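The structure comes first, and the description follows.

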Amino acid sequence: NREWLKCYAIAFALATNPKTPPGIAVTLISTLKLKDLIILEKNKNVPELVRNAAKRLVTARKPK
């Protein structure tokens, strides 16, 4: 439900849930904070596709 996705905690929980389809999880990680993206890229329970997308976002958002 789109109304539920406005809550940050729910979006983070869905992105880190290993049973969430990767296509949905990748779209959700664009709204996550840098601290949570770092946690997500180190999480071995999520699919590799989601971890790679989180890693790309971390490198793009880190200050240079």
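In this predicted model, helix α3 has three buried residues, namely Asp36, Leu37 and Leu40. Because their directions span an arc of only 100° around the axis, they sit on the same side of α3. The face turned away from that buried side carries Lys35 and Lys42, which are exposed. The buried residues of α3 pack against α1, α2 and α4.

Helix α1 can be described in like terms. Its buried residues are Ala11, Ala15 and Thr16. They cover an arc of only 125° around the axis, and therefore lie on the same side of α1. Their packing partners are α2, α3 and α4.

| α3 | Asp36, Leu37, Leu40 | 100° |

How do α3 and α4 cross? Their axes come within 8 Å and cross at roughly 140°. Angles over 145 degrees would count as roughly antiparallel, so at this angle α3 is oblique to α4. The crossing of α3 past α4 is left-handed. On the α3 side, the residues that meet α4 are Leu34, Leu37, Ile38, Leu40 and Glu41. Their counterparts in α4 are Val50, Arg51, Ala54, Lys55, Leu57, Val58 and Arg61.

The largest nonpolar core has 13 residues, and those with the most contacts inside it are Ala15, Ile29, Leu32, Leu37, Leu40, Val50 and Ala54. At least two residues of this core come from each of α1 (8-16), α2 (22-29), α3 (34-42) and α4. Helix α4 gives the most, with 4 residues. Two of the α3 residues listed for the core, Leu37 and Leu40, are also on the buried side of α3, and both take part in the meeting with α4. Val50 and Ala54, listed for the core as well, are among the α4 residues in that meeting.

Ala60 and Ile24 are 36 residues apart in sequence, and their C-alpha atoms are 21 Å apart in space.

Technical notes:
Residues are numbered from 1 along each chain as its sequence is written. This is a predicted model: local features need pLDDT of at least 70, side-chain atom pairs count only at pLDDT 80 or more; totals for chains, interfaces and linings use all residues. Side-chain values use heavy atoms; hydrogens and water are left out. A nonpolar core is a set of buried Ala, Val, Leu, Ile, Met, Phe, Trp, Tyr and Cys residues joined through side-chain atoms within 4.5 Å. Buried means under 20% relative accessible area, exposed over 50%, partly exposed in between (1.4 Å probe, protein chains only). The arc is that of the directions from the helix axis to the C-beta atoms. Contact means heavy atoms within 4.5 Å. Axes are lines fitted to C-alpha atoms, for helices over the stretch in contact, and angles run from 0 to 180 degrees between N-to-C directions. Angles under 35 degrees count as roughly parallel, over 145 as roughly antiparallel, 65 to 115 as roughly perpendicular and the rest as oblique. A crossing is left-handed if the near helix is turned anticlockwise from the far one by less than a right angle, and right-handed if clockwise.
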